[in-house]
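Please find below some notes for a colleague who is looking at this structure for the first time. They are arranged as numbered points, each of which can be read beside the model.

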Amino acid sequence: MKKHNYSAGPCILPQEVFEKSAQAILNFNDSGLSLLEISHRSEDFVAVIEEARALVIELLGLEGKGYKALFLSGGASLEFLMIPYNLMKENGKAAYLDTGTWAAGAIKEAKIFGETVVVASSKEENYNHIPKGYTIPADADYFHCTSNNTIFGTQMKKFPSLDIPLVCDMSSDIFSRTLDFSKFDVIYAGAQKNMGPAGTTLVVVKEEILGKTGRTIPSMLDYEKHIKAESMYNTPPVFPIYGSLLTLQWLKKLGGIAAIEKINNAKAALLYAEIDRNPLFKGAAVIEDRSNMNATFLLNDKSHTAIFDAMWTEAGISGLSGHRSVGGYRASMYNALPLESVQVLVDVMKALEKKV
């Protein structure tokens, strides 16, 4: 039976990425060697990482605008540390928007380095919305936000225009919607949502903002060193980068971000319409801040849980259970999830309504 994969990450990837990756593991580029055993300095892999970095800049519309793309290790959570190391001046301060678990993790790390101003937080409402109307200190070294909150199902729809660097954790919605990416000075994202297998992290940084902190930065945490070494300061995560390249190629062939955005909008509209129509369900996030990537919803009557769980499992749906912080259900609709999978879930929700 076909599985409809709603996992929040690691998550669904395009079928052709699995097939090409599997072939590369057996015999990469007809070299007689596996992708898992070739040198990261070989011509074959250098071509992979160079194309991947170039495709990132192309798809984001940042060509010729002073940005560099890096593929690093350590997960997006390591960037919580690397951002203040590279951007917060000694005796400086930074501004953060607290919209969920990962934003809170970034704030915790920044506090190690200096004054960290939390401009607004939705924690008291269990992060069910994106705060509005906050003021960002003009003398902050940078402003950090999280574009999409995987656990709580909220998404920023607008971003501030600032005279200080704008930093964004886009781990769970990068490449999913059109934005003016040149508004951002640093974008970072773990690969395992819309870009590839877990194990590498994308960092897109505007070079001109670096080297101004007065800090001594450990080599492995220094963006300038990674840029100079072209993402090969140490041995890069070869397989996740190759998987990311294949996914970026798939996205470009599809028509780029503008094309996938239309599909993502259709998926989200279909599911949210059923959540709002069906008297058995309710959404967990405030409507205006609902995420197109992660739809969080609850049963109005928890006594229906066992029967609903059995029905969606029987329909071949996987990974629908909500995070413990919210409960209920979370449908992660990343780029590679087809519209047909959303229709299967909607049909199960309708069937439950008739059954009970």
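1. In which helix is the place of Leu251? Leu251 has its place in helix α6, where helices are DSSP runs of H or I with at least four residues and strands are DSSP runs of E with at least two, both numbered from the N terminus. The model is a predicted one, in which local features need pLDDT of at least 70 and side-chain atom pairs count only at pLDDT 80 or more, while totals for chains, interfaces and linings use all residues. Residues are numbered from 1 along each chain as its sequence is written, and side-chain values use heavy atoms, with hydrogens and water left out.

2. Leu251 counts as buried, at 2% relative accessibility; here buried means under 20% relative accessible area, exposed means over 50%, and partly exposed lies in between, for a 1.4 Å probe and protein chains only. Leaving aside residues up to four places away in sequence, Leu251 touches Leu59, Phe175, Gly256, Ile257, Ile260 and Asn335, a contact being heavy atoms within 4.5 Å. From C-alpha to C-alpha, Leu251 and Ala336 are 9.3 Å apart in space, and they are 85 residues apart in sequence.

3. Gln249 is also found in helix α6, but Gln249 is partly exposed, with a relative accessible area of 27%. Its contacts, not counting residues up to four places away in sequence, are Glu51 and Leu55.

4. Phe175, a contact of Leu251, has a phi near 65°, which is a positive value in a residue other than glycine; Phe175 sits in the loop between β8 (166–169) and β9, and at 1% relative accessibility it counts as buried. Ser231 is not a glycine either, yet its phi is positive at about 70°; Ser231 is found in the loop between α5 (223–228) and α6 (238–254), and it counts as buried at 2% relative accessibility.

5. A cis peptide bond, with omega of about -5°, joins Gly9 and Pro10. Pro10 lies in the loop between β1 (4–5) and α1 (15–26).

6. Met293 lies in the loop between β11 (281–283) and β12 (294–299) and counts as buried, at 1% relative accessibility. Not counting residues up to four places away in sequence, Met293 touches a list of residues that includes Asn148, Ser172, Asp173, Asn264 and Tyr334. The C-alpha atoms of Met293 and Tyr334 are separated by 5.6 Å, although the two residues are 41 apart along the chain.

7. Which residues of helix α4 (residues 101–110) are buried? They are Ala103, Ala106, Ile107 and Ala110. These residues lie on the same side of α4 because they cover an arc of only 100° around the axis, the arc being that of the directions from the helix axis to the C-beta atoms. What covers them includes α3, β3 (93–98), β4 (115–121), β5 (143–146) and β9 (186–190).

8. The largest pocket has a volume of about 310 Å³. On a 1 Å grid over the protein atoms alone, a pocket is an open set of points where a 1.4 Å probe fits, with protein on both sides within 12 Å along at least five of seven lines, and lining residues have an atom within 4 Å of a point. Of the 18 residues that line this pocket, the closest to its centre are Trp102, Thr150, Ser171, Gln192 and Lys193. Helix α3 (residues 75–87) gives the largest share of the lining, three residues.

9. How many disulfides does the count come to? The count is zero, a disulfide being a pair of cysteine sulfur atoms within 2.5 Å. Cys145 is in no disulfide, and the nearest cysteine sulfur, that of Cys168, is 3.9 Å away; Cys145 is buried, with a relative accessible area of 0%. Cys11 is in no disulfide either, and for Cys11 the nearest cysteine sulfur, again that of Cys168, is 18 Å away.

Technical notes:
Grid points are joined across faces, edges and corners, and a volume is the space filled by probe spheres set on the points.
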